[in-house]
Amino acid sequence: KPIVQLKGVSYFYANSKTKALDNVDLDLYPGEKIAILGANGAGKSTLFRHLNGILKPASGEVLVKGEQISKKNIRTVRQTVGIVFQNPDDQILAPTIEQDVAFGPINMGLDEEEVERRVKKALELVNLSGFEERSPHHLSGGQKKLVAIAGVLAMQPEVVVLDEPTAGLDPQSAENIMKIIDGMNRKFGITVILSTHDVDIVPLFADVVYVMHHGRIEARGTAKEIF
Ligand code: ADP
Ligand code: ADP
């Protein structure tokens, strides 16, 4: 059974005449690793913003664990599906790394001890143990990405969505991020969906590849089938 399902989803931004998403069908199965390819403007970010209810489809539906996203379940949905945005500065807000990673768990109403446990574990997973008291704002781009990933992992999501996780990173930082992403899938069975321009990482990473163009899914297959 899919954990997230888009059925015939279309979306257009108020100030735009063209559809940002045009009748998109997508199934995410538990434990799957999915890559979305497509040029700038193809609709990848818009698609991702539908996966946890940041955007509401103009038509079609988004189901998380079989339930359509609604006001009633939006908090649960946001815990189930975590998003790492392309620009970490959009989601890193607190003065210290520890406080930043703690934000989600505190917001979930967890007690102090559990929050601490989760922050510690999340920072271990991204190899940032010892950085607790540092400011997240003076880190390298790659390290900021790791803080954003830790913040999402601290919520213990079932699905992690990453918008261009390796964009703008040097090859070594990109490889490190991909190792961590692969690890969250392997160790915790987290379903991972990411967008990328980096075709080199796709065959190594993805079980399923989607190609988007002008808001549509143009192709779907294994990496072997797509390339
Ligand atoms: P991608 O992530 O593949 O680069 P996006 O989802 O960001 O694509 O964009 C899809 C389309 O929607 C593009 O035509 C883009 O210009 C448009 N778009 C994206 N965000 C907005 C916005 N906030 N307002 C108006 N149009 C937007
Ligand atoms: P309404 O206009 O019916 O009050 P809104 O669009 O203002 O609904 O959203 C209300 C709340 O539901 C917001 O917190 C919003 O984040 C959340 N929400 C997000 N996505 C969806 C969705 N797909 N369906 C329903 N509610 C959603």
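Which residues surround ligand 1? In this predicted model, where local features need pLDDT of at least 70, side-chain atom pairs count only at pLDDT 80 or more, and totals for chains, interfaces and linings use all residues, side-chain values use heavy atoms, with hydrogens and water left out. Residues are numbered from 1 along each chain as its sequence is written, while chains are lettered from A and ligands numbered from 1 in the order in which they are written.

Ligand 1 is surrounded by Tyr-13, Asn-15, Ala-20, Ala-39, Asn-40, Gly-41, Ala-42, Gly-43, Lys-44, Ser-45 and Thr-46, a residue being counted if one of its heavy atoms lies within 4 Å of the ligand. By class, this shell holds 4 nonpolar, 6 polar and 1 charged residues.

Around ligand 2 stand Gly-53, Lys-56, Ile-69, Ser-70, Lys-71, Ile-74 and Arg-78, a shell that divides into 2 nonpolar, 2 polar and 3 charged residues. In these classes Ala, Val, Leu, Ile, Met, Phe, Trp, Tyr, Cys and Pro count as nonpolar, Asp, Glu, Lys and Arg as charged, and the others, Gly among them, as polar.

The table lists polar contacts of the two ligands, that is, pairs of N or O atoms within 3.5 Å.

| Ligand atom | Protein atom | Distance |
|---|---|---|
| Ligand 1, oxygen | Gly-41, backbone | 2.7 Å |
| Ligand 1, oxygen | Ala-42, backbone | 3.2 Å |
| Ligand 1, oxygen | Thr-46, side chain | 2.5 Å |
| Ligand 2, nitrogen | Gly-53, backbone | 2.7 Å |
| Ligand 2, nitrogen | Ile-69, backbone | 3.0 Å |
| Ligand 2, oxygen | Lys-71, side chain | 2.8 Å |

Taken alone, ligand 1 exposes 570 Å², of which the protein buries 61%, and ligand 2 taken alone exposes 550 Å², of which the protein buries 51%; these accessible areas come from the Shrake-Rupley method with a 1.4 Å probe.

How values were computed. Polar contact = N/O pair within 3.5 Å; in protein donor to acceptor, adjacent residues only side chain to side chain.
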